[in-house]
Amino acid sequence: PGNLAGIRHIILVLSGKGGVGKSTISTELALALRHAGKKVGILDVDLCGPSIPRMFGAQGRAVHQCDRGWAPVFLDREQSISLMSVGFLLEKPDEAVVWRGPKKNALIKQFVSDVAWGELDYLVVDTPPGTSDEHMAAIEALRAYQPLGALVVTTPQAVSVGDVRRELTFCRKTGLRVMGVVENMSGFTCPHCTECTSVFSRGGGEELARLAGVPFLGSVPLDPELMRSLEEGHDFIREFPGSPTFTALTSIARKI
Ligand code: ADP
């Protein structure tokens with residue numbers, strides 16, 4: 001409906017807890033989808049910890065009004081990636097930390113209805129960790145829109161503590177279709193010898209997906225180059241084609 005009418009797929013990216021790489025996977029999947037010739041939007045509904053502007057190297061950019069609402073921040077001239085985040089709206093990055101639920105809900109509703117995305121192949125929605133008011137507001141606002149799916153990001157060691165299981169339960173209870181589980185930081189590819197070592201453990205995400213009866217979409221290695229690209233706001237997909245991490249990310253992007 002309205003500004004969402006030109007969007008083909010909406011993907012909510014979820015994780016049981018913070019720090020597992022949810023924003024990283026949202027960012028890299030968007031870049032991998034662009035690499036495959038798709039038009040992608042990213043909506044950052046993590047109001048208290050928006051990291052999307054930084055990961056795309058777009059800090060300090062501003063959102064403008066246009067005749068159909070808010071114009072998102074375009075990453076390039078071709079407008080192949082467009083971004084919307086509270087990080088573009090606030091003067092002080094930490095302002096939203098003290099906002100109460102109703103104010104957060106209102107902003108998320110506005111994000112969903114008022115951003116003029118235009119035609120997109122994918123809208124990737126980066127959410128806060130866990131399950132919160134922001135999730136409920138986003139799901140409520142997007143529910144009328146189909147196809148809506150969720151992608152759950154975990155690390156191998158997070159799997160054992162049940163965070164992911166809670167996240168999958170949340171999806172079931174809210175009627176959100178789970179597109180699959182992505183295991184992040186599974187194995188470390190040593191830049192000196194290219195050998196892959198399992199720092200934590202491996203296969204937990206796959207096992208969990210199997211038990212929960214949802215698809216397993218793949219594992220992304222712990223990669224210092226990926227971390228560096230994100231810190232500098234560079235496009236890893238363009239800079240490291242053919243690396244094991246590139247292969248993992250593009251393979252996941254093909255499945256969604
Ligand atoms: P979340 O969104 O789940 O809180 P982030 O995406 O912000 O997590 O990631 C947390 C930190 O881990 C960031 O510094 C990020 O650069 C790093 N990171 C995430 N995934 C990887 C990876 N596969 N390899 C290396 N560093 C990673």
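Analyst: Let's start with a term you'll keep meeting: a residue is buried if 20 or more other C-beta atoms lie within 10 Å of its own, exposed if 12 or fewer, and partly exposed in between, with C-beta atoms placed from the backbone. This is a predicted model, so local features need pLDDT of at least 70 and side-chain atom pairs count only at pLDDT 80 or more, while totals for chains, interfaces and linings use all residues. Residues are numbered from 1 along each chain as its sequence is written.

User: Is glutamine 79 buried, exposed or partly exposed, and why?

Analyst: Glutamine 79 counts as partly exposed because it has 14 C-beta neighbours inside 10 Å. You'll find glutamine 79 in the loop between strand S5 (73-74) and strand S6. Those labels are DSSP runs numbered from the N terminus: helices are H or I with at least four residues, strands E with at least two.

User: What is the phi of glutamine 79?

Analyst: Most residues other than glycine have a negative phi. Glutamine 79, though, has a positive phi near 55°. Methionine 185 also has a positive phi, about 60°, and is not a glycine. Methionine 185 belongs to strand S9, and it is buried because 24 other C-beta atoms lie within 10 Å.

User: Next, strands. How many residues of strand S2 are buried?

Analyst: In S2 (residues 40-44), 5 of the 5 residues are buried. In a regular strand the side chains alternate between the two faces of the sheet. Here Val40, Ile42 and Asp44 point one way, while Gly41 and Leu43 point the other way.

User: Which strand do 5 bridges join to S2?

Analyst: Strands count as paired if DSSP finds at least two bridges between them. One partner of S2 is S6 (residues 81-85), joined by 5 bridges and running parallel; there, aspartate 44 faces serine 85. S2 also pairs in the parallel sense with strand S7 (residues 120-126), again over 5 bridges, and valine 40 has tyrosine 122 as its bridge partner in S7.

User: Which strands does S1 run parallel to?

Analyst: S1 is joined to S7 by 6 bridges in a parallel arrangement, with isoleucine 7 opposite leucine 120. S1 also runs parallel to strand S8 (residues 148-154), with 6 bridges joining them; look for valine 13 opposite leucine 151 there.

User: Now the helices. How many residues does helix H9 have, and how far does it reach?

Analyst: The expected span of a helix is 1.5 Å times one less than its number of residues. H9 (residues 244-255) has 12 residues and reaches 17 Å from its first C-alpha to its last, close to the expected 16 Å. Its buried residues are Phe246, Ala248, Leu249, Thr250, Ile252 and Ala253.

User: Which residues is leucine 33 in contact with?

Analyst: Contact means that the C-beta atoms of two residues, placed from the backbone, lie within 7 Å. Leaving aside neighbours within four places in sequence, leucine 33 is in contact with Lys38, Val40, Asp121, Tyr122 and Ala253. Leucine 33 lies in helix H1 and counts as buried because it has 25 C-beta neighbours inside 10 Å. Leucine 33 and leucine 249 are 216 residues apart in sequence, yet 9.4 Å apart in space, C-alpha to C-alpha.

User: What covers the buried residues of helix H4?

Analyst: The cover includes S1, helix H3 (101-114), S7 and helix H5 (163-174). The buried residues of H4 (residues 133-142) are Glu134, His135, Ala137, Ala138 and Ile139.

User: How many residues surround the ligand, and which are the closest?

Analyst: A residue counts as near a molecule if its C-beta atom, placed from the backbone, lies within 6 Å of it. For the ligand, 18 residues do, and the closest are Gly21, Lys22, Ser23, Thr24 and Met227. H1 (22-35), S9 (177-189), strand S11 (216-222) and helix H7 (224-232) each supply at least two residues of the shell.

User: Where does UniProt place the feature "binding site"?

Analyst: An unreviewed UniProt entry places it at Gly16, Lys17, Gly18, Gly19, Val20, Gly21, Lys22 and Ser23. Such positions use the numbering here, feature names are shortened, and annotations may be inferred rather than shown by experiment. Glycine 18 is in the loop between S1 (7-15) and H1, and is partly exposed because it has 13 C-beta neighbours inside 10 Å. Glycine 19 also lies in the loop between S1 and H1, and is exposed, with 11 other C-beta atoms within 10 Å.
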